Amino acid sequence: MSAPTHISQYTPTEEIPELGAFELHPALDLPLLRDWIRPDHDLWTPKELRDLTTLAITELTGSLLDLVEVHDEERWWARLGLTAGVELWLLSWAPGQGTHPHDHGGASGSFAVLFGEVREDYRYPSGPIRTAQHGTGASIGFGAGRAHQVRNTGSVNAASVHAYSPPLLPVRHYADLADVPPVAPQPAGPIRKATR
C-alpha cells in the first residue's frame, strides 16, 4: 500500500492578482520583466514557461546573481513575479539540498539553471521514473502531470529560476515517485482576488 500524499507546508495561501495586475520582487521591478510576465495572459503553455525562465537566466543574470542567497542549513527561495497566469521563482541549492518527490497540483511548469547543476528524477502518471542532469543554461518546460524530485547532487552551489501556470496551486508531496497516482491531478484552482 503506498503512502498517502500530503499538501506541502509551503502551499501558497495568498490571493493572486486580477488579470492585468502583477507583483514583482523589489530588486527586479524592471520594465523588461514587466513585459515578459505578460499580466494580461491567463494560462501559459510549457513552452511559454520555458521561454520565460530561459529569458530570466540569460537577460537578468546580473540582477539574479545579486539577489540569490545560498544557505547550507536550508534551501532559499524568493518569488520574482506573480500575475493571474504565472508565478516566477528564484531558488538556490547548496550541495546535498533538494526537494521531496512532488507535483505542482495540476500546474504546468518550467525551470532553467542559472548556475551549477541539479539532478531531476521525474515521472508522469503511469510512466517510468526517469533521471536527467540539468547544468548551467539548461531549461525544461513540462506539462501538468509531471511529478519530480530536484536535488543538487554535486559539490558546488546551484541556482535556478522556476515558473508555474496556473499560479499558486497546492503542491502535493509523495513518499516516493512510485506513489504518483495513474491519473494526473486536476488544478483545484488558485485563490483569486475579488473583482471590484
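The following conversation goes through a predicted model and asks how its descriptions are reached.

Visitor: What should I know about the model before reading any values?

Guide: Residues are numbered from 1 along each chain as its sequence is written, and side-chain values use heavy atoms, with hydrogens and water left out. Because the model is predicted, local features need pLDDT of at least 70 and side-chain atom pairs count only at pLDDT 80 or more, while totals for chains, interfaces and linings use all residues.

Visitor: Why is L169 called buried?

Guide: A residue is buried under 20% relative accessible area, exposed over 50% and partly exposed in between, with a 1.4 Å probe and protein chains only; L169 has 4% relative accessibility, so L169 counts as buried. L169 is found in the loop between β11 (158–165) and β12 (172–173), and its C-alpha lies 5.6 Å from that of G105, although the two are 64 residues apart in sequence. Buried residues make up 47% of the 196 residues in the protein.

Visitor: How do you know that R146 lies over the face of Y122?

Guide: The rule asks that NZ of Lys or CZ of Arg be within 6 Å of the ring centre and within 35 degrees of the ring normal. R146 is 3.7 Å from the ring centre of Y122 and is listed as lying over its face; R38 likewise lies over the face of W44, at 5.0 Å from the ring centre.

Visitor: What makes β4 and β11 a pair of strands?

Guide: Strands are DSSP runs of E with at least two residues, helices are runs of H or I with at least four, and both are numbered from the N terminus; two strands pair if DSSP finds at least two bridges between them. Strand β4 (residues 87–93) is joined to β11 by 7 bridges, so the pair meets that definition, and the two strands run antiparallel. Within this pairing, W89 has H162 of β11 as its bridge partner.

Visitor: Which strands form the open sheet, and in what order?

Guide: The order is β2-β3-β4-β11-β6-β9, 6 strands with antiparallel pairing. Its edge strands are β2 (22–24) and β9 (139–142), each of which pairs on one side only.

Visitor: What share of the contacts joins residues 24 or more positions apart?

Guide: Contact means heavy atoms within 4.5 Å, and among the contacts in the protein with a separation of 6 or more, residues 24 or more positions apart account for 74%.
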